[in-house]
Amino acid sequence: MTTSDTTAGTSPPGADDVPTVSGSDNYKWIALSNTTIGILMATINSSILIIALPDIFRGIEVDPLAPGNTSYFLWTLMGFMLVTSVLVVSLGRVGDMFGRVRMYNLGFAVFTVFSILLAVTWMHGTTAALWIIIMRVGQGIGGAFLFANSSAIIADAFPENERGLALGINGVAAIAGSFLGLLVGGLLAPVEWHLVFLVSVPFGIFGTVWAYLKLRDNGVRTQARIDWAGNITFAIGLIAILTGIIYGLQPYGGHTMGWTKPFVLVCMFGGLAVLIGFVVIELRSPDPMFKLELFSNRAFTMGSLAALLAALARGGLQFMIIIWLQGIWLPLHGYSFERTPLWAGIYMIPLTVGFLLSGPVAGRLADRYGARPFATIGLVTTAVAFLLFNVIPIDFNYVAFAAILLLMGLSMGLFAAPNTTAVMNTLPPNQRGAGAGMLNTFQNSASVLSIGVFFTVIVLGLASSLPDAMFSGLTAQGVDPSKAHELANLPPIGSLFSAFLGINPTEQLLGPDTLNSLDPSRAEFLTGHSFFPNLISGPFGDGLHLAFYFAAIACALGAVLSWLRGKDTPHARRTLREDVGEGLAGAGDVAAMEDGAGSALPADGGTLAAER
């Protein structure tokens, strides 16, 4: 029986300075290996879906572009992220109270069960789509358990002088998983879409059994009451707002989007009202879920707001780049639509490389000279990268595109580790757990909100110019003007989703009767690789420019707030291994958020976890 099974309360003074592991020193490597498998599995599982969506919907025989079906597409895409955003703080608190390993084991088992249920999907049509959405939500619950407790388990297993390296290894796993998922999805989905979900099952079964047999609670549990009122109101309010965002992206009546739909308005304003009630509850609760008094600390407030704005700017970036590559650039350069998902993942490698290069360097520089200049420069450089995307043409030279992607990865890594470390270092030891949870929730929620903002801005750009381009493009190829007018006035969100899914919708939109009435050479051109990408490139570029300007403004504002945090005191000099580990953990944190896996590893996670 471990100490955690018999003792309640907080860690005694100096507990963070000694290993909490009992028995063989090999246990710490067991704990690290198991939690690394967990984060790798979750990040692969999330990013793999981004690439595999076209094959999944073809496999279940659902047209994601048909009226009424876009909600299935959006919930499949965003349900996992929504659940992890809502639950990660609450489940981390539950782990502190009832045992981190116990909750982590439960998360591994839940994630694995729902992976199996996804892999055996036997239905077709909208029933299958609904099944996949529900099972993905279940996966999200398991993922929230994993990510809420994994860093604390590492902190409990490793002594202070080794935690940075351990968290850094986990950070590398998050970065690797976010990239590997794109490649694995591109390879497996065209072969058999069930394999996209099946690939997680053996790792999940092995990890669940291994965690149950080998992991043990070495941390000291904290006696506290669950803030039921706070947890429930927070979940209801955030879910309502994020649900409103999802349905706001869909057409309503004669409107391009659904922001005026009564259900959307109820979700948005009702969710906001519930969150206001949540604030009132937290101010009066003796043991609140969020410690709102932390905002009295200027450095914490400014650093958290800077992180929120950075997440808001970059959360939709991956989706916009995938649309750009799959729907336009790759087909224009001779790639079939079926091959674009795999190659989109390959062409995004520079972004991952940037994370890996700058994370360790940023952690070491911030440790020696303070976080404020590096976090601020990171956001300024990110804003510059967004503006550079607006300079290159839609049909770009890849060398220039790759250079901007690399700059984006470098700048994001330069911001991530210093900012997270600086925020955590502003807090007293007994409030670091609460502060980390709040920071993580802000970033995760902003990432989901960012997707809604990016899609909305892009659609506004499409709505202004796509109808004319569609009409003139179709009539130029001999399509009857009345038919061309009908297609030109369809909601532009369908064309955006087509580009995201790597689908050429022209054949489906025109139908066999119209195509058969055309000259064969014109019909072949309309359904080929170049017509639709050329058609959408101009209008999509208009919307994309607006989205990148929005992201640049958010980063610039975040840089101002980052500088206003005030001067921070550089840390005592540490070893290169410790600094590199901290930097990689911060970069991995960003990668985990990009995939909706929750904020995996606070850069100061070793300290905060042991002191919770």
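Reply: Helix 7 (residues 200-214) contributes 4 residues to the nonpolar patch, the most of any element; helices here are DSSP runs of H or I with at least four residues, numbered from the N terminus. The model is predicted, so local features need pLDDT of at least 70 and side-chain atom pairs pLDDT 80 or more, whereas totals for chains, interfaces and linings use all residues. Residues are numbered from 1 along each chain, and side-chain values use heavy atoms, without hydrogens or water.

The patch covers about 760 Å² and consists of Ile116, Val120, Trp122, Ile205, Val209, Tyr212 and Leu213. Patch residues have over 30% relative accessible area and no salt bridge, and nonpolar side chains are joined within 5 Å (areas: Shrake-Rupley, 1.4 Å probe; salt bridge: Lys or Arg side-chain nitrogen within 4 Å of an Asp or Glu carboxyl oxygen). One member, Trp122, sits in the loop linking helix 3 (100-119) to helix 4 (125-157).

A polar atom of the Ser358 side chain lies 3.0 Å from the backbone oxygen of Gly354, and one lies 2.9 Å from that of Leu410. Beyond residues up to four places away in sequence, Ser358 touches Gly409, Leu410, Gly413 and Leu414, where contact means heavy atoms within 4.5 Å.

Methods:
A polar contact is a pair of N or O atoms within 3.5 Å; within protein, one must be able to donate a hydrogen and the other to accept it, and residues adjacent in sequence count only if both atoms are side-chain atoms. Patches are made of residues with over 30% relative accessible area and no salt bridge: like charges are joined within 9 Å, nonpolar side chains (Val, Leu, Ile, Met, Phe, Trp, Tyr) within 5 Å. Helices (H or I, at least four residues) and strands (E, at least two) are DSSP runs, numbered from the N terminus.
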